[in-house]
Amino acid sequence: MDIDARTLLSRVGDGDEAALATLYARYEGAVFGFVLRRVSDRELAEEISADVWLGCWRSAKGFRGDSRVLTWLLGIASRQIHAHVRGRRIHTVPLVEELDIPGDASDDPASIVGDAAAAQDLVDAIRALPPSLFEVVSLAWLHELPYDEIAAAAGIPVGTVKSRVSRARTLLRARIGESDE
């Protein structure tokens, strides 16, 4: 039987190490990926991720249930990142390491090359976003979190999330040459 994340977190709050191990197995990849996209050093990302899980263990009793467990964990991660890199510019790594453009034998090679080039332009434009915009759009677009949960994870108001997503869209359109229609 698959136990829901809130129940697991409640058990962690009661000192259940097996529940923590289950939560870790379920969310470790998402937490580590979130951290690694914000710091360029893999060792630092591993250290921060370990601190996130320690924070989970220590703070599980305080989980109010206002958000999903993943959002709560990403909030801890965000605070840990800021604590570790305070005063330094946060380096980011790409959302996508390489593009895998699917197609079949009937696809026109010129359109495949054009699609790949357009996709690469978009990836490059996203990489170039300022860290505050990159953080918000990666939570919105990559992790598909709703704005209220992004606000909770990033420690900013919902209105700021909306304005950052809007600003990112504007910058991306300008960068890749699209016009508002």
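Tutor: Among the elements lining the largest pocket, helix H4 gives the most, with four residues. Please keep in mind that this is a predicted model.

Student: Which residues make up the lining of the largest pocket?

Tutor: The lining consists of Gly62, Phe63, Arg64, Gly65, Asp66, Ser67, Thr71, Trp72, Gly75, Arg79, Ala152 and Ala153. Two or more of the lining residues come from each of helix H4 (69–85) and helix H7 (147–154), and the pocket they belong to has a volume of about 210 Å³.

Student: What makes the lining nonpolar, polar or charged in each part?

Tutor: The classes give four nonpolar, five polar and three charged residues. Gly counts as polar in this scheme, so Gly62, Gly65 and Gly75 of the lining fall in the polar class.

Student: What is the overall make-up of the chain in secondary structure?

Tutor: The chain has eight helices and zero strands, and read along the sequence its pattern is α-α-α-α-α-α-α-α. Of the contacts with a separation of 6 or more, 67% are between residues 24 or more positions apart.

Student: How do you know which side of the cut-off Gly55 falls on, buried or exposed?

Tutor: Gly55 also has its place in helix H3, and its relative accessibility is 13%; since the limit for buried is under 20%, Gly55 counts as buried.

Student: Why is Ser59 given the label it has?

Tutor: Ser59 lies in helix H3 and has 34% relative accessibility. Buried needs a value under 20% and exposed a value over 50%, so Ser59 counts as partly exposed. Ser59 and Gly13 are 46 residues apart in sequence, yet their C-alpha atoms are 7.3 Å apart in space.

Student: How many residues does the largest nonpolar core have, and which have the most contacts inside it?

Tutor: The largest nonpolar core has 50 residues, and Leu9 and Leu23 are those with the most contacts inside it. At least two residues of this core come from each of helix H1 (5–13), helix H2 (17–36), helix H3 (42–59), H4, helix H5 (109–127), helix H6 (131–142), H7 and helix H8 (158–176). In soluble globular proteins, nonpolar side chains tend to be buried together.

Student: What does Leu23 touch?

Tutor: Not counting residues up to four places away in sequence, Leu23 touches Ala5, Leu8, Leu9, Val12, Glu28, Trp53, Cys56 and Val69. Leu23 is among the buried residues of H2, which also include Ala19, Leu20, Tyr27 and Val31. The cover over the buried residues of H2 includes H1, H3, H4 and H6.

Student: Where is the kink in H2 centred?

Tutor: The kink is centred on Tyr27, and its angle is about 60 degrees.

Student: Finally, what share of the chain is buried?

Tutor: Of the 181 residues in the chain, 36% are buried.

Technical notes:
Residues are numbered from 1 along each chain as its sequence is written. This is a predicted model: local features need pLDDT of at least 70, side-chain atom pairs count only at pLDDT 80 or more; totals for chains, interfaces and linings use all residues. Side-chain values use heavy atoms; hydrogens and water are left out. On a 1 Å grid over the protein atoms alone, a cavity is a set of points where a 1.4 Å probe fits but cannot get out, and a pocket is an open set with protein on both sides within 12 Å along at least five of seven lines; lining residues have an atom within 4 Å of a point. Grid points are joined across faces, edges and corners, and a volume is the space filled by probe spheres set on the points. A nonpolar core is a set of buried Ala, Val, Leu, Ile, Met, Phe, Trp, Tyr and Cys residues joined through side-chain atoms within 4.5 Å. Buried means under 20% relative accessible area, exposed over 50%, partly exposed in between (1.4 Å probe, protein chains only). Contact means heavy atoms within 4.5 Å. The bend at a residue is the angle between axes fitted to the seven residues ending there and the seven starting there.
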